[in-house]
Structure formats: structure tokens, C-alpha cells
Amino acid sequence: MPSTLRWMRLRPQETALIAITAIWGSTFLLVHWAMQHSGPWFFVGIRFLVAGLISVVVFRRVLRGIRWRDIGAGVAIGVMIYLGYGLQTVGLQTIDSSTSAFITAMYVPLVPLAQWAVFRKRPPAMAFVGAALAFVGLVLIAGPDALVTLTLGAGEIATMLSTLPIAAEIILISVFAGRIDLGRITIIQLLTAGVLGLLTMPVAGESVPEFSWIWVGCAVGLGAASCIIQLTMNWAQKSVSPTRATIIYAGEPVWAGIIGRIAGERLPATALIGGALVVLGILASELKLVRRRARE
């Protein structure tokens with residue numbers, strides 16, 4: 001039976017994920033400025049505590065009926081957020097952004113493979129095509145020398161390890177999204193990530209930085225952005241699969257490149273081609289193979 005490609009229109013949930021991915025990508029300059037005045041774990045802790053407090057104000061009414069399964073789900077996702085953002089920030093202290101982008105890109109094909117291995121749920125074929133295109137695009141964005149110059153120093157190892165909790169966060173959100181209250185899980189996961197970030201400071205030998213309006217402003221701004229991002233992820237992934245969400249999230253470095261260009265940076269041709277491949281990967285993931293029934 002012949003097969004044809006049918007275009008799947010973007011739903012509001014997928015459009016929302018694209019929007020928060022743009023916000024996600026635009027935070028690069030703020031993080032870069034903050035790291036010049038703060039340690040990684042302190043900043044991660046303050047950032048997510050601010051995000052958690054904002055969510056408490058917004059969803060304070062739902063806390064009265066909180067259940068243990070809400071706490072368990074929120075803590076599980078919060079731990080992944082803490083590890084993913086924390087390790088990635090640690091890595092950026094010693095490696096350049098192109099190498100970090102290349103290593104972080106490993107979570108793109110990792111999510112559908114992990115979903116298949118853990119839950120025995122095989123993603124659609126086009127999801128793998130989309131993930132492959134997005135991964136190649138991210139490698140080109142990172143730069144043609146990323147494969148050649150890649151070494152396994154402390155920064156590279158920390159960034160490589162961060163891809164595991166990033167993938168786990170996306171999968172866990174999809175697992176719990178339809179079973180728990182949206183407001184409660186958002187509050188718990190953000191506060192969990194923030195508290196764990198601060199608790200890691202003495203373990204990592206990190207001290208509280210001197211007061212600076214730069215890290216304060218960045219923490220507040222990124223805290224608000226993190227609240228919006230996690231809330232949208234929790235809502236949208238009730239109906240968007242982990243694999244499709246991952247392809248959309250893969251557009252984050254593309255948005256970061258656009259913001260950088262507005263700020264005066266100029267991307268090389270290979271990076272522009274890589275950005276086009278990431279977008280193509282997103283489009284490919286929205287296609288499904290539909291078989292026509294043979295006429296009687």
C-alpha cells in the first residue's frame with residue numbers, strides 16, 4: 001500500500017513550546033554576564049528560588065490540597081533541573097560555548113532512545129529523522145572544529161553528564177504531566193532545584209559572591225523566565241510527546257544565535273546551515289506517514 005506524508009498542523013501546546021524555547025535561547029547573554037560575578041551553584045540556587053517564589057504567589061491557592069504524589073513528582077523533576085542546569089553551568093566555566101553546544105546536543109537523540117529503552121514505547125519513524133537532522137544542525141552550529149577539538153576535561157565531562165538529567169527531565173514531565181496538579185508540581189520542582197543548588201555550594205567549595213546588581217538582576221530575570229518555561233513545559237507536555245518536545249527544544253541554540261546576531265555577532269555560513277537543519281528537523285517531526293487503504 002502506498003504511503004504519503006501528511007502535514008500535522010502545530011497545536012497551541014507546540015506553539016507554546018516554540019515560544020519558550022525562544023525565551024530559553026535568549027537567556028544566554030544574561031547567564032554569561034552573571035557568571036562573571038557569581039559562582040554556578042549559587043546562581044542556579046538563587047535563580048530557581050526566585051522562580052519558585054514567583055510560582056508560589058501565582059499558585060498559592062492550590063497548595064492547600066497538596067498530595068504526596070505531587071511532592072514526589074515535583075522533587076523528581078526538580079532534581080533533574082538542578083543537575084542539568086547546574087552541571088551545564090559548571091562546564092561553561094572552563095569550555096567555550098561552541099564545545100558546550102556540541103556536547104549538550106547529545107540529549108536530542110538521547111530522549112527518543114531513552115523513551116524506547118525505558119518505557120518500551122517506540123517513537124514514530126519521523127521523530128528519529130527529525131532528531132537526526134536537529135543533531136547534525138547543532139553540530140554545525142557548534143562549529144566544524146567541534147569534533148576535532150573535543151577533549152574530555154572537567155568542563156567537557158560536566159557538560160556531557162548534564163545531558164542525562166536534561167533528557168530525564170523532559171521524559172519525567174511527560175510521565176507526570178497528566179497525573180498531578182500543574183501549579184503544585186511547578187512550585188515543588190522549582191523550589192527543589194533552588195534549594196539543592198544552594199546546598200551544593202559548601203560541597204563544591206563555593207562561597208557567597210559579593211553583592212552585585214548584575215547577578216541580582218540576572219537572577220530575578222532568569223527566575224521569572226524559568227517559572228514561565230517550566231510552567232509551559234508542564235502544561236504543554238500533557239499532550240506533546242517527549243520526542244517531539246525534544247525536537248522543538250533543539251531550536252534553543254538557533255534562537256540564541258538570532259539574539260547574538262541582533263547584539264552584533266555574525267554567524268558563519270556553517271552555523272546558518274545548521275540552524276536551517278534544526279528548523280527542518282522540527283518540521284520533519286511534525287510529519288506522519290499515513291497509509292492509504294486499498295480500494296475494494
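Buried means under 20% relative accessible area, exposed means over 50%, and partly exposed lies in between (1.4 Å probe, protein chains only). Keep those words at hand for the whole tour.

**Before you click**

This is a predicted model, in which local features need pLDDT of at least 70, side-chain atom pairs count only at pLDDT 80 or more, and totals for chains, interfaces and linings use all residues. Residues are numbered from 1 along each chain as its sequence is written, and side-chain values use heavy atoms, with hydrogens and water left out.

**Stop 1: the whole protein**

Show the cartoon. The protein has 14 helices and two strands. These are DSSP runs, numbered from the N terminus: helices are H or I with at least four residues, strands are E with at least two. Of the 296 residues, 47% count as buried.

The protein exposes about 14600 Å², and carbon and sulfur atoms supply 67% of that. Accessible areas come from the Shrake-Rupley method with a 1.4 Å probe; for residues, only the protein chains shown count as cover.

Next, think about contacts, meaning heavy atoms within 4.5 Å. Among contacts between residues at least 6 apart in sequence, 92% join residues at least 24 apart.

**Stop 2: Asp70 and its partners**

Select Asp70, Arg67 and Arg184. What links these three? Arg67, Asp70 and Arg184 form a network of salt bridges. A salt bridge is a side-chain nitrogen of Lys or Arg within 4 Å of a carboxyl oxygen of Asp or Glu.

Take the Arg184 side first. The closest N and O atoms of Asp70 and Arg184 are 3.1 Å apart. Asp70 lies in helix α4 (residues 68-91) and Arg184 in helix α10 (residues 182-204), so the pair ties together parts that are 114 residues apart in sequence. Both Asp70 and Arg184 are buried.

Now turn to Arg67. Its side chain meets that of Asp70 at 3.2 Å, N to O. Arg67 is partly exposed, at 31% relative accessibility, while Asp70 stands at 0%.

**Stop 3: Glu14 and Arg11**

How many salt bridges does a search of the whole structure find? The count is three. One of them joins the side chains of Glu14 and Arg11, at 3.4 Å, N to O. Is Glu14 buried or exposed? Glu14 is buried, with a relative accessible area of 0%. Arg11 is partly exposed, at 32%.

**Stop 4: Gln13**

Select Gln13, in helix α1 (residues 12-26). Gln13 counts as buried, at 19% relative accessibility. What does Gln13 contact, leaving aside neighbours within four places in sequence? Look for Trp235, Ala236, Ser239 and Val240.

**Stop 5: Leu182**

Jump to Leu182, in helix α10. Not counting residues up to four places away in sequence, Leu182 touches Leu231, Asn234 and Trp235. Draw a line from Leu182 to Leu231. They are 49 residues apart in sequence and 7.4 Å apart in space, C-alpha to C-alpha.

**Stop 6: the rings**

Show the aromatic side chains. The structure holds five aromatic pairs. Rings of Phe, Tyr and Trp (its six-membered ring) pair if their centres lie within 6.5 Å; planes under 30 degrees apart count as stacked, over 60 as edge-to-face and the rest as tilted.

Select Trp41 and Tyr82. This pair is tilted: 5.4 Å centre to centre, with 45 degrees between the planes. Trp41 lies in helix α3 and Tyr82 in helix α4, so the pair ties together parts that are 41 residues apart in sequence. Both Trp41 and Tyr82 are buried.

Then pick Phe211 and Trp213. Their rings sit edge-to-face, 5.0 Å centre to centre and 85 degrees between the planes. Both Phe211 and Trp213 are exposed.

**Stop 7: a surface patch**

Select Ile54, Val57 and Val58. They form a nonpolar patch on the surface, with about 240 Å² of accessible area together. Patches are made of residues with over 30% relative accessible area and no salt bridge: like charges are joined within 9 Å, nonpolar side chains (Val, Leu, Ile, Met, Phe, Trp, Tyr) within 5 Å. Ile54 is found in helix α3 (residues 40-59). Ile54 is partly exposed, at 31% relative accessibility.

Finish at Cys218 and Cys227. Cys218 counts as buried, at 4% relative accessibility. Cys227 is buried too, at 6%. How many disulfides does a search of the whole structure find? The answer is zero, a disulfide being a pair of cysteine sulfur atoms within 2.5 Å.
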